[in-house]
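Please keep the sequence and the model in view while going through the numbered points.

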Amino acid sequence: MAGITAYGVYLPYYRLKRETIFKAMGWFTPGIAGHAKGEKAIANYDEDSVTMAIAAGMDCFTDISREKINTLYLASTTLPNKERGNASIACGALNLSPNTRVAEFSGCLKSGTTALITALNEPNSELTMISASDCRLGKAGGTQEQLSGDGAVAIAVGNEGVIASLIGYYSLSYDFADYRRMDSDKFTRSWEQRWIRDAGYFKMIPEAINGLLTKCGIQINDITKVIYPPLSIRDHRDLAKRLVLEPDKVQAHLIESIGSTGSAHPLIMLIAALEEAQPGDKILVASFGSGSDALLFQVTEDIKKLKNRNKLKRNLDYKGELENYIKYLSFKGMLAKEMGIRGEEITPTSLSLAWRERNAVLRLVGSKCKACGTPQYPTERLCINPDCGAMDQMEDYSFSDKTGHLFTYTADHLAYSEDPPALYGIVDFEGGGRYWFDLTDCRLESLEVGQPVQMTFRRRYLDEIRSVAGYFWKAMPFKG
Amino acid sequence: MAEGIKNKVAIIGMGCTKFGEHWDRSAESLIVEAFEEAITDAGIEKKDIDAAWHSTCFDEVNVGKSAIPLAAALKLPYIPVTRVENFCASGTEAVRAASYAVASGSCDIALALGVEKLKDIGYGGLPDFSQLRGIYNRQIFPNVTAPGQFAMLATRYFNRYGLSPEEGKRTLAKISAKSHANGALTPKAHLRRKVDVETIMNAPIIAWPLGLFDCCGVTEGAAAAIIVRADEAKAFRSDPVYVKALQIAVSPEEEYRYNKWDGTHVETTYRCGVRAYEEAGIKNPREEISMMEVHDCFSITELVIYEDLQISLRGRAKEDVDSGFFELNGKMPCQSDGGLKSFGHPIGASGIRMIYEEYKQLQGKCGERQIKNPRLGLTHNLGGFPANCVIGISIWGNEL
């Protein structure tokens, strides 16, 4: 029986307090005062939905082997590329086989659950990874800005080592244009909130849940946890009443800690439920967006075998406050700031070069010398070890999953950075290998020579003139 | 070891423009000025020159590619002219090439001339162009600057030798203060004012832990040398300056990608120094060398150069800094003209500018900054970064 075999979560490091937004924008839209509680997760300037999806996918490798993955689905409404495979970028950065079948699910906020249903319906697929990720943007001062947050989740689906097996699913599709964006839109638009709630949220989620219960012949009282995404805190609570659910059966909405993470959100809540679940528990997860999907799982004994169950908890705890609202606007590309002429210099990206060097650029794969065993990056024909120097004795060696130690570092105020000063340093990898990386999700004051770091796939630059994002790996403080 | 270049050639004339932000002057104008001073100093004419080497690095900015800009500026009559580029060590490369050509007998009088125009880009610091590995660098290397690269040397040095940021920065500040004091005595320097240690330590950070005064300036200028065989030099002037060593060493990037390098020194400087001392027959550099002009692109660079050139013991250059060993009235004056710190660093010209100072010191022509009875002067030119660089070292003497 197909089911979930592993999961991973990625929440970006920064949190923005809603009070910070209110203080900055409350003069314009005083109505957002009611939402000004808690905080939301914010992607760093060097992150987008693809990089977060990859980070969540990497988080699964504690429990599954990347070699077994033969299908990869990305689900998001904010994928950065319209014509360049976002899932192919992820496939490369995750160092999956090029023989992996990839697809992207998009268009509405239920795309995450739709990808999951699709994966669960493919008995011939050995192991499918679904990674749902979103960073939706609301205009300054709006309700969407208060509510939406950034995050990603990855779920592995297979037939072996299933921790939660699928009992059934039920899907609804409606052209309910509550939230919308067209091709050229940077920001999410919405119709009146009361209409979305009364005509959509309160109707479609119950319709999907009841459809699923009827299909499976199960009463709602038999369910251990019911998961559905929040519209707002109050609406989430009110829907529980309409579903006649005891409060302890309702999975917490996470609005106050991360915000609404779009197509990732119901699945992040599913991970939260799985972290606490006992074998035998029945978990129902429903999404909302142009309809609704509902899926019912039963937790198995194998959930106890997971190496790390508390991945969401760790991500919720690992954070730093973004205190400055203007900086948030800048990170989100909403601020025309003086970059200086140095900042405006953009060398064209050579796509033929990036393709030729894809092992180095996309996968962070270097080599290990078969003659002397020295790991080295990037791959060259002659071994870097001066006592070896062997020619053409290299075999692929992945660095993206290796822990490193910060050999030295600096904070450079001259180099252009979207978050100056530019932090970079030299990393010595455990097991050997040394290379130079930008440092991210940290501050100079927290850095120390020798501290452990891990690798993270980030957007290094965005060349809007030529429509290309340059991705590469950076080092960040060891998160585990 | 090969016989080497020692005592085979001599410099008979040199020229150097004032270094600075020459908003109103072209590269061509700077070339002509350095050249005219050099041939006047040598007492020769343009037609006497058999071959020339032209050093410049950031050709994109102003000077342009190839050796044609030099031949065209000086209207050299169809002689062989070669452009050399080896990062910031380009100037030493030009002198080396000219020296080897003269020593081989393939020409009698050779010109080495370096020039750099850097200020026509619209922003401070060096031009932000792809360097090592061209456009590949943009894909897989941090967007580093020169201050950042050398700052990482300081981070590691402070950590290894247990210096607090305050102690480390104070040592570095003394190095910069010394050079600024010397620069104030040098008419051709770009920055000509004394700066005290406290000002240096409290200056804005450029790349932590390096502050504004730990960094040399971005400057424009040109410098030139006329080279002949040593045994013919006295026919041109009574006080030629003889070559004792001319060495280049280039890092194979072990430091950069192999885990062995300790990050507190520049291995290529050490290797180049060993070869230069051997070529010059120097056994004890701390005792035998009279003075040095080294590549103080940053204060930390100068600190580790003291150790890499075996003047100071590893980890103990601070003691020599504190005792005034490298000051103008010290045992081994370093940067008697103010160094890159005061002159700034027009890439292609700097290596020749360093030799210009040693040449003038060895001739006793340095006025109020004249070092007493110098015998051997060393120049050290660094192109690139601590972990992967080109080092050019030359040693000159006023006796055969």
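Which side chains meet in a salt bridge with a distance of 2.9 Å, N to O? They are the side chains of E380(A) and R257(B). A salt bridge here is a side-chain nitrogen of Lys or Arg within 4 Å of a carboxyl oxygen of Asp or Glu.

1. Basis of the note. This is a predicted model, in which local features need pLDDT of at least 70 and side-chain atom pairs count only at pLDDT 80 or more, while totals for chains, interfaces and linings use all residues. Residues are numbered from 1 along each chain as its sequence is written, chains are lettered from A and ligands numbered from 1 in the order in which they are written, and side-chain values use heavy atoms, with hydrogens and water left out.

2. Extent of the interface between the chains. Chain A contributes 50 residues to the contact and chain B contributes 46 residues, contact meaning heavy atoms within 4.5 Å. The buried area between the two chains is about 4,300 Å², and carbon and sulfur atoms give 56% of it. Buried area is the accessible area (1.4 Å probe) that two parts lose on being put together, summed over both. On the side of chain A, the residues that lose the most area to chain B are R342(A), R434(A) and W436(A), together 19% of what that side buries.

3. Polar links between the chains. The rule finds one salt bridge across the interface of chain A and chain B. There are also 28 residue pairs in polar contact between these chains, both residues at pLDDT 80 or more. A polar contact is a pair of N or O atoms within 3.5 Å; within protein, one must be able to donate a hydrogen and the other to accept it, and residues adjacent in sequence count only if both atoms are side-chain atoms.

4. Elements at the interface. Among the elements that give two or more residues to the side of chain A touching chain B are α11 (340-344), β18 (404-412) and β21 (452-463) of chain A. Helices (H or I, at least four residues) and strands (E, at least two) are DSSP runs, numbered from the N terminus. The largest share of that side, six residues, comes from β18(A). Two bridges join β18(A) to strand β5 (residues 205-208) of chain B, and the two strands run antiparallel; strands pair if DSSP finds at least two bridges between them. The bridge partner of A411(A) in β5(B) is W208(B).

5. Domains of chain A. Chain A is divided into domain 1 (3-331), domain 2 (340-359 + 402-477) and domain 3 (365-398), with bounds from an automatic or database domain assignment. The C-alpha centres of domain 1 and domain 2 of chain A lie 28 Å apart. Their contact takes 21 residues from domain 1 of chain A and 16 residues from domain 2 of chain A. The area buried between these two domains is about 1,600 Å², of which carbon and sulfur atoms give 47%.

6. Salt bridges within chain A. Across the interface of domain 1 and domain 2 of chain A, the rule finds four salt bridges. R458(A) forms a salt bridge with E47(A), their closest N and O atoms being 3.5 Å apart. Over all chains, the structure holds 59 salt bridges.
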